[in-house]
Amino acid sequence: METLITLALLLPLAGFTFLAFFGTRLPEPWPGVIATTTAGLSFVLALIAGLDVIGGGTERLTVTWFEWLPALGVEASFLYDPLSVLMTLVVTGVGSLIHAYSIGYMHGDERYGRFFAYMNLFLFSMLTLVTGSNFAVLFVGWELVGLSSYLLISFWFERPTAAAAGKKAFVVNRIGDVGFLVALMLIFNTFGTLAFDAVFGEAPAALGTGLATGITLMLLLGAAGKSAQLPLYVWLPDAMEGPTPVSALIHAATMVTAGVYMVARTGILFELAPVSAGVVATVGAATALFAATIAVAQFDIKRVLAYSTISQLGYMFMGVGAAAHVAGVFHLMTHAFFKALLFLGAGSVIHGMAGQQDMRKMGGLARVMPWTFATMAVAWLAISGIPPFAGFWSKDEILAVVFGRGGGWTVLWAIGLFTALLTAFYMTRMMWMTFGGKARWDDGVHPHESPRVMVVPLAVLGVLSVVGGLINTPFKPTLEHFLEPAFEAFHVHLAHPPEGATPWVLAFVSIAAGLIGIAAATARYRSRVPDEERGAWKLLNRGYYVDDAYAAAFVVGGGAAARWAAASFDQKGIDGAVNGVARLTGAVARRLRPLQTGFVRSYAVAVLVGTVGLLAWFMTRGGF
Amino acid sequence: MDLTVTPGWYMALASVLFVIGGAGLLLRRNALVMFMSVELMLNAVNLTFVAAGRELNVLDGQISVFFVMVVAAAEVVVGLAIIVAVFRRRATASVDELAELKG
Amino acid sequence: MVELVLFVIFAICALFGAVTMVWARNPVYSALGLMLTMFSLAVFYVSNAGHFVAVVQVIVYAGAVMTLFLFVIMLIGVDKAEDRSETLPLQRPAALVLLALFAAGVLVAGARAWTTGYTAPGEAVNGTIEAIGSRLFDTWLLPFEVTALLLIIAAAGTIALAFFRGDGEEG
């Protein structure tokens, strides 16, 4: 068992190492095949481990590789409990489908091998993150994920926008990382250890509310950076500059789910700090609404999906903030299915449209790309919250739990409900503008269905988007039974949806919201693309000018400060010191050069001086 | 008067020979003479080895002399070859002429 | 008593030879002075029970090595007088003072260390061929092999140097 799960973790790393050295020399499609194989094998191994847990086998297993920082008592060890197994399954499952899809999508790219090396690195990073059994390993995975996202977002670094997007993602993530790091220091200072078992075990007794609030707010900052929540969401829409499979990987399987996972994992700490939990849920609700409104006015198909991801992550934060960790992780999983599907479908559309991403230049694609259309329609219904598709079950469970908490939480529920309506609206808008209506293609563009290697992953994800939600219905909460031990082990008290008729009413209300959204969008976009480039639409399209505000507030000032530092501090200070050392050495050498007379006999005299000196020293030491 | 020749006498003689060799090394410019001075210094040390070996009743002193001789022979062979090579190029055996590497 | 006589006579010979070697303007005289010193040392080896070492000293050192020196002296044609004026400033006074200090130091230190009155255990050494050979090929085998390697390297280096031509090309 240990070997199995260790292998599951190491396979993507092996793939990365191999491809990093030999990937560029292998002809297409071998790097892709290798990378997909490692990801797929990793999935199979994780599946065996997961089935073992379901079958009543090992429920918790800690695998220690070696002592990493003995001074801090930190070990490189990995925890396998239902939560991390589920995360591993999602990461490797969706990840390997995306790998397979990329074999077709990246066809002809000059850095084909490197792309798959990075993809495998990304998988490995994410697996490290979700399986680490202490905060230090979690942090390593956290940073590795940041690194690989940087590498992949700016994969086409010839484009200045892509390079800038990669930088932006990295820098914004760093801001969150600062919070995470501070939280780690506080935790270590309080508990003297970073191991999950010890920290979560002692937390209820040892942690005061004030300190818990401080730690969890810092954790939240880290999670907001990684999971693109307010106010650190700005990197994610720009991350669309990467190749589309990368977007799918970042948005669905890896990276953005890290924050949700981390909040769920540290659930006990949030439970001890009700204020922080409330802040988490509020940030989630605000982000959900905020991003949904922006998504309504986007024309770039990938930007719609990007803001949609931010919005859906808001739901997950709402869930974990309300202590509905199972519901949050459940939504994470279903979202992984349909968002990966949406992104891969969008990639298929872009692929067929020869790189065109503007929905105003699409339309009428349903006829020429039937498979892409069919699968994306499934995802559309799933995200809009129409039963029995996957999104309905998970989103509804979150909303039910939030409503059940009563009081101020009802406001959050209302925001969530309205966001659901908006979600249905903008997704329907996207579907109509892309697949419905008349063709508005540019001249010379001949859309075509994508190759089979791209369509098959779409179909698999489509099936998962249909049935994925059924593993955790109110009638048969399989996932909840599966995950509960993981949270119980860390003393987390899960919130549950209210009993009785209330959930039914809530479910019908949210279905109604979804249907209203779909209907409104259908009415507006069925036959034409209205002019949406003025007034409030413009404001929404530009994302409330948040980017411009950040640019004015931080980037301009920061740039000026950096230039000043480069001119005065770096050039005069650092460079001056370096040059000064060189000049000093030169000056000393000029003075000392005459010592090297070139006359052997002078050197011999010098040797004799040393000999006499040594002799004198021995004699004084000898007591003469 | 009973004068026994103790090893100390040999040691003293070896010291004097060693210093004379050192003087030759430091004061003469001829590379060949300098080489001979080095040989003299090595011989002085050999004498101390043999004398000390007799004092301490161990044969290893004499064994050491063998090794010193071998090293000295190797050194002489290479050194003389260098002198010949230099002489072919510069037509001099004075080490003071060979000062290209001065700072 | 015999040893004392031998010591006095050959110590004078050795010192005379050494001074001649340093003092002579003509390198041929230097070589001859060094030979004299080496013969004297061979006598001292015999006095100190180093029979085989003495033989090697005469055959290898005074014989082969010094002959090699003479060959080279003749070969490069410097069998003529060399002027003894010093060109390097301070070289002579510095060397003499330092050497004097060194000699004084060694002799003062030695005067105490060499008269400890220590009597060593075991039999008196006898440097016969048999004794030296068995010791050399037993305890000292590895250093012996290493010196063999050293000699081969020296020979190879000498050959390489001999092929070296003035224009920098290999022979």
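What share of the contacts in chain C with a separation of 6 or more comes from residues 24 or more positions apart? Such residues account for 53% of those contacts. The model discussed here is predicted, and the predictor gives the complex an ipTM of 0.88 and a pTM of 0.66.

**Chain C**

Chain C contains six helices and zero strands, so its elements read α-α-α-α-α-α from the N terminus on. Of its 171 residues, 26% are buried. The mean pLDDT of chain C is 84, and 87% of the residues score at least 70.

**Where chain C touches chain B**

Contacts between these two chains involve 70 residues of chain C and 63 residues of chain B. At least two residues on the chain C side are supplied by each of α1 (2–23), α2 (27–47), α3 (51–75), α4 (91–113), α5 (129–136) and α6 (141–163). The class make-up of that side is set out below, next to that of a helix contact within chain B.

| α2(B) with α3(B) | 13 residues | six residues | two residues |

**Two helices of chain B**

Two packed helices are described by the angle between their axes and the distance between the axes. In chain B, helix α2 (residues 31–56) and helix α3 (residues 60–90) have axes that come within 9 Å and cross at roughly 175°. The crossing angle is over 145°, so α2(B) and α3(B) are roughly antiparallel to each other. On the α2(B) side, the residues making the contact include A31(B), L32(B), F35(B), L42(B), V45(B) and F49(B). Residues of α3(B) in the contact include D60(B), G61(B), V65(B), V68(B), A72(B), V76(B) and I83(B).

**M34(B)**

Helix α2 of chain B also holds M34(B). Is M34(B) buried or exposed? M34(B) has 23 other C-beta atoms within 10 Å, and 20 or more count as buried, so this residue is buried. Which residues does M34(B) contact, leaving aside its neighbours within four places in sequence? They are G24(B), L25(B), R28(B) and V95(B). G22(B) lies twelve residues from M34(B) in sequence, and the two are 9.0 Å apart in space, C-alpha to C-alpha.

Definitions and conventions. Residues are numbered from 1 along each chain as its sequence is written. Chains are lettered from A and ligands numbered from 1 in the order in which they are written. This is a predicted model: local features need pLDDT of at least 70, side-chain atom pairs count only at pLDDT 80 or more; totals for chains, interfaces and linings use all residues. Two residues are in contact if their C-beta atoms, placed from the backbone, lie within 7 Å. Helices (H or I, at least four residues) and strands (E, at least two) are DSSP runs, numbered from the N terminus. A residue is buried if 20 or more other C-beta atoms lie within 10 Å of its own, exposed if 12 or fewer, and partly exposed in between; C-beta atoms are placed from the backbone. pLDDT is the predictor's confidence in each residue, from 0 to 100. Axes are lines fitted to C-alpha atoms, for helices over the stretch in contact, and angles run from 0 to 180 degrees between N-to-C directions. Angles under 35 degrees count as roughly parallel, over 145 as roughly antiparallel, 65 to 115 as roughly perpendicular and the rest as oblique. Ala, Val, Leu, Ile, Met, Phe, Trp, Tyr, Cys and Pro count as nonpolar, Asp, Glu, Lys and Arg as charged, and the others, Gly among them, as polar.
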